[in-house]
Amino acid sequence: MLLPDTFSEPVRIAVIGGTGVSALEAEGFTAVASLRIQTPYGSPSSPITVLKTPQDTPIAFLSRHGLHHELTPTEVPNRANIAALRSIGVRSTIAFSAVGSLQEHIRPRDFVIPSQIIDRTKGIRASTFFEGGLVGHVGFADPFDAGLAKVVLDIGSDGVLNGEGVRMHKDGLLICMEGPQFSTRAESNLYRSWGGDVINMSALPEAKLAKEAEIAYVMVCMSTDYDCWKTNEAAVTVETVMGNMHANGANAKHLAAAILKELAKEEHQDLVCARHLEGSSKSACCTTPAGRGREAVKKMEFMLPGYFS
Ligand SMILES: CSC[C@H]1O[C@H](OP(=O)(O)O)[C@H](O)[C@@H]1O
Ligand SMILES: Nc1ncnc2[nH]cnc12
């Protein structure tokens, strides 16, 4: 069925799907629009599907690597993705990611909610909206939103996850590497020595750009493998990742549906609208109005209208 390509209500919550999660097909969810948004930073990874939850909340869904997983982690158009979401009203995002585990107790198929991240990308991804005569430095001490993380963790401890001993871990330290090759054993052991819990290739600059766009952002990491540090196990392969994602896909969908149901409650509306982040990007700007690059200001107008003009 061909969906409308417009949607008139603001959409406050987005779900970004990663490896193995290219659609949000939870029970009672209905797709109501498919938006092809052009941004000053190009086209997003995929059309944005707007779905209504059983609670009648509109949700924006975006597939990070494209509908057919055709974008490498380096190629993901993160600025277009975040700007497009912000432009339709999004203020909070639940991002899903397949991750390798760097710790014995985090078993394949377990879930991890990270609170910290170490950037091991190589500086080749466009990672800020501040450029071209508009300088800004937002705080990134806490890369993931603590309020959203609490909602997710409360849901996760509520028996939503099925399967033999599948658990949700909190306060994870996530390593984000460039890829697309997986790590060497020496790198994997180095990250373990730093206290790393899980590793992926996609959290950055997505989380940094969400912060600049004043979007509350949390990542749900789904462990799929033990990377390559374990001496008694074969090193990670795409087959292992896909196999565990396939087996755990239902858990991801149950969890997403339960989180969205909880976020529909009145008590969470300030969080969903990220009131606590309002104005943080405006006050992060160091460039005085007279010195601001006109083109840069125009681009920013697309997602933060009136902030820098
Ligand atoms: C297919 S294994 C590596 C790939 O999986 C993760 O993707 P995502 O975070 O989008 O779920 C990882 O970050 C890599 O991009
Ligand atoms: N071991 C690993 N390293 C990086 N990204 C991953 N995504 C899933 N498993 C991974």
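This is a predicted model: local features need pLDDT of at least 70, side-chain atom pairs count only at pLDDT 80 or more; totals for chains, interfaces and linings use all residues.
**Entry 1: around ligand 1**

I started with ligand 1 and looked up which residues surround it. The shell consists of G18, T19, R64, H65, P73, S97, A98, N200, M201, S202, V238 and V241. Then I checked which elements give two or more residues to this shell, and found β5 (92-101) and α5 (238-263). Next I sorted the shell by class. I got five nonpolar residues, six polar ones and one charged one.

**Entry 2: what the record says**

I went to UniProt for a "binding site" note. The entry, which is unreviewed, lists M201, D225, Y226 and D227 under that heading.

**Entry 3: M201**

Where does M201 sit? I found M201 in the loop between β8 (198-200) and α4 (206-212). Is M201 buried or exposed? M201 has 25 C-beta neighbours inside 10 Å, so it counts as buried; the cut-off for that is 20 or more. I also listed its contacts, skipping neighbours within four places in sequence. That left P73, C176, M177, E178, G179 and P180.

**Entry 4: Y226**

Y226 is in a loop too, the one between β9 (216-225) and α5. I counted 22 C-beta neighbours inside 10 Å for Y226, so this residue is buried as well. Leaving out neighbours within four places in sequence, I noted contacts of Y226 with G100, S101 and E233.

I moved on to strand β4, residues 58-63. How many of its six residues are buried? I got five, so I wrote down "mostly covered".

Then I looked for strands that pair with β4. Strand β1 (residues 13-17) runs parallel to β4, and five bridges join the two. As one example, I13 has I59 as its bridge partner in β4. Strand β3 (residues 48-52) pairs with β4 as well, but in the antiparallel sense, over four bridges. Here I noted K52 standing opposite P58 of β4.

Last, I followed the chain from β3 to β4. These two strands form a hairpin, with five residues between them. I checked the turn and found that D56 there has a positive phi of about 70 degrees.

Notes:
Residues are numbered from 1 along each chain as its sequence is written. Chains are lettered from A and ligands numbered from 1 in the order in which they are written. A residue is near a molecule or strand if its C-beta atom, placed from the backbone, lies within 6 Å of it. Ala, Val, Leu, Ile, Met, Phe, Trp, Tyr, Cys and Pro count as nonpolar, Asp, Glu, Lys and Arg as charged, and the others, Gly among them, as polar. UniProt positions are given in the numbering used here, feature names are shortened, and annotations may be inferred rather than shown by experiment. A residue is buried if 20 or more other C-beta atoms lie within 10 Å of its own, exposed if 12 or fewer, and partly exposed in between; C-beta atoms are placed from the backbone. Two residues are in contact if their C-beta atoms, placed from the backbone, lie within 7 Å. Two strands pair if DSSP finds at least two bridges between them.
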